[in-house]
Amino acid sequence: MSPAPPDASAGSGGSGGSAGFVRPARAADAASLARVQVASWRCGFAGIVPPPLLAELTSDEAEQAFRDRWREAITNPPTSRHRVLAAVTGGPAREVAGFVSAGPATDADRWPGTDGEVYELRVSPERTGQGHASRLLHAVAETLTEDGFHTVSIWALEADTALRRFLESSGWAADGARAELDVGTTVPVVRLHTAISE
């Protein structure tokens with residue numbers, strides 16, 4: 001299981017102010033992806049895990065580890081069906097505002113040949129409400145469909161009602177699976193899924 005911890009990101013996923021686009025992530029994006037992940041965790045885990053643990057999970061050392069992990073995921077994915085996509089802001093700045101990583105399902109009750117999984121969906125907290133989460137969700141669904149998957153699932157924090165509402169408004173539904181995410185303390189997570197092709 002690869003739960004996707006909080007996405008304070010996905011909020012409304014609305015059409016918001018600034019336009020942007022989604023593209024495959026590049027090795028040079030690794031530091032930006034790590035910054036987005038740490039900022040997202042800092043917001044999403046606040047009030048859910050003890051402050052000292054949250055400080056550890058979002059420390060400079062953790063950010064560096066995430067950077068290395070994302071560079072490896074982008075440059076040396078486990079299979080050709082493991083993907084990392086980046087949401088980029090419009091205009092000349094072209095900053096990475098969020099990302100999604102996905103690939104074959106990892107849960108024992110899923111078939112990795114046809115069942116995909118979103119491992120992480122993150123948008124920088126200051127970039128929420130600008131449509132990045134919606135663009136990422138659409139792009140990853142298209143990518144997974146092209147890769148031959150028929151369904152896709154994601155693990156979300158039970159307490160992350162914003163992410164769950166966003167996913168449900170996009171056609172996802174809880175499938176009854178529950179688990180505990182171990183981040184130094186256990187946090188309840190629930191699985192949502194949707195069909196993406198016949």
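A residue is called buried when its relative accessible area is under 20%, exposed when over 50%, and partly exposed in between (1.4 Å probe, protein chains only). The structure is a predicted model, in which local features need pLDDT of at least 70, side-chain atom pairs count only at pLDDT 80 or more, and totals for chains, interfaces and linings use all residues. Residues are numbered from 1 along each chain as its sequence is written, and side-chain values use heavy atoms, without hydrogens and water.

Select Trp41 and Phe45. Both are buried. Rings of Phe, Tyr and Trp (its six-membered ring) pair if their centres lie within 6.5 Å; planes under 30 degrees apart count as stacked, over 60 as edge-to-face and the rest as tilted. Trp41 and Phe45 are an edge-to-face pair, with 5.3 Å between centres and 90 degrees between planes.

Trp41 belongs to helix H1 and Phe66 to helix H3, so the pair ties together parts 25 residues apart in sequence. Helices (H or I, at least four residues) and strands (E, at least two) are DSSP runs, numbered from the N terminus.

Now select H3, residues 60-75. Its buried residues are Ala62, Phe66, Trp70 and Ile74.

Note on methods:
Expected span 1.5 Å × (residues − 1).
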